[in-house]
Amino acid sequence: MRASLPPKWIEYLGSLPESGMGYQRVDVEFEDGRELQDVPVYNGEELDLPNGFSAARVLRIAIHTSK
Amino acid sequence: MLRLSLFAQFDLDAAPESGMGFHLVEFDLDRSRVQGLALNASLVLLESDLGLVQERLPFERLAKSAPELIELANLRVLRREHLQRGTKLSQLMGVRTSGASEAPIEFSQSGSRYFRFSAFRDDRRILEDGSLRPGTYATTEADGAQVKTGLEAVDRYALPSPDPAVHRFRIAPRTKTPLRQGIVQPAYGHRGGGTEIIFEMGTNPGSLIDHAVLPER
């Protein structure tokens, strides 16, 4: 499921490097303590999330660093 | 295989060799930028001809089988590190293949152009002033010219989204723009194998020079 990120995260991702052409691989922490590793974000604005997660509840995003 | 005109031979004679008896060259052919191996400054082997080198056919025999003399538009001699990765020519020259993120910093050459493929017309990595943000990916013009559809771009650049990357942006950065160059590694069920470029510091304003829409498939 693709979810649009709130503007503050779109702005933040624009300041970070891409992982490939048109996407970033990120680790995401949510307000309820759950975490997702190595999730793609397309065009710095659309987060690919499994069901049951909300882009509006993102607490922290970081570029995924391992391969 | 192409036999060079006398004018083109003079140009190559005046240029330093890339190795003993050969030049690595790039030129325009049929509206694409093409790389090849020029032997004795007179005969150019294209990617499809390189098997002949491995067969060790004598130069005289190769020359006899070449077609008419031709002029090559915008001919220039390349350094090894500027060869398109993943090709027979780059393998023949011993150029290693790895992702751009692991490659050393190099700098764009005068007149070099690049393509960026995206599923989004409003690509957020391209700013209103026509510059690219730092850390933005693209490919070389020669590599991107092989991509004819949005789905081919998805496969060649191993993109995670299945959406056809139909928007093709052409980038002409200033000379000596820092970048890293490598080969897209297989991922997300795609082959990869295209050339990838990271503009470490982004590009200058006005470097976006055009946009085209490719067919989806």
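Two strands pair if DSSP finds at least two bridges between them. By that criterion, strand β8 (residues 114-118) of chain B is joined by five bridges to β10(B), and the two run antiparallel. The model is predicted: local features need pLDDT of at least 70, side-chain atom pairs count only at pLDDT 80 or more, and totals for chains, interfaces and linings use all residues. Residues are numbered from 1 along each chain as its sequence is written, while chains are lettered from A and ligands numbered from 1 in the order in which they are written.

**Chain A**
- Chain A has one helix and five strands, where helices (H or I, at least four residues) and strands (E, at least two) are DSSP runs numbered from the N terminus.
- Along the sequence, the elements of chain A follow the pattern β-α-β-β-β-β.
- The radius of gyration of chain A is 11 Å, which agrees with the value near 11 Å for a compact globule of 67 residues; this radius is taken over C-alpha atoms, and the globule rule is 2.2 Å times the number of residues to the power 0.38.
- The C-alpha trace of chain A spans about 30 × 25 × 20 Å along its principal axes.
- Of its 67 residues, 30% count as buried, meaning that 20 or more other C-beta atoms, placed from the backbone, lie within 10 Å of the residue's own.

**Chain B: overall form**
- Chain B contains six helices and 13 strands.
- Its radius of gyration is 18 Å, close to the 17 Å given by the globule rule for 217 residues, so chain B is as compact as a globular protein of that length.
- A box of roughly 55 × 35 × 30 Å, taken along the principal axes, holds the C-alpha atoms of chain B.
- Buried residues account for 38% of the 217 residues in chain B.
- Of the contacts in chain B (C-beta atoms, placed from the backbone, within 7 Å) between residues at least 6 apart in sequence, 74% join residues at least 24 apart.

**Chain B: strands**
- An open sheet of six strands has the order β5-β1-β4-β3-β2-β6 (chain B), with mixed pairing.
- Its edge strands, β5 (69-70) and β6 (73-77) of chain B, each pair on one side only.
- Within chain B, β2 (residues 22-29) and β3 (residues 32-39) pair in the antiparallel sense over eight bridges, and His23(B) stands opposite Ala38(B) in β3(B).
- In a regular strand the side chains alternate between the two faces of the sheet.
- Strand β10 (residues 167-171) of chain B has a covered face formed by His167(B), Phe169(B) and Ile171(B), and an uncovered one formed by Arg168(B) and Arg170(B).
- Arg170(B) in β10(B) is the bridge partner of Phe115(B).
- β10(B) also pairs in the antiparallel sense with β13 (residues 208-213) of chain B, over five bridges; there His167(B) stands opposite Val213(B).

**Nonpolar cores**
- A nonpolar core is a set of buried Ala, Val, Leu, Ile, Met, Phe, Trp, Tyr and Cys residues joined through C-beta atoms within 7 Å.
- The largest core has 37 residues, and those with the most contacts inside it are Phe117(B), Ala138(B), Tyr157(B), Leu159(B), Ala165(B) and Ile197(B).
- Apart from it lies another core, of 17 residues, including Leu2(B), Val25(B), Leu75(B) and Leu89(B).
- Leaving aside neighbours within four places in sequence, Ala165(B) is in contact with residues including Gly22(A), Phe117(B) and Leu159(B).

**Contact between the chains**
- The contact takes 13 residues from chain A and 21 residues from chain B.

Conventions:
Two residues are in contact if their C-beta atoms, placed from the backbone, lie within 7 Å. A residue is buried if 20 or more other C-beta atoms lie within 10 Å of its own, exposed if 12 or fewer, and partly exposed in between; C-beta atoms are placed from the backbone.
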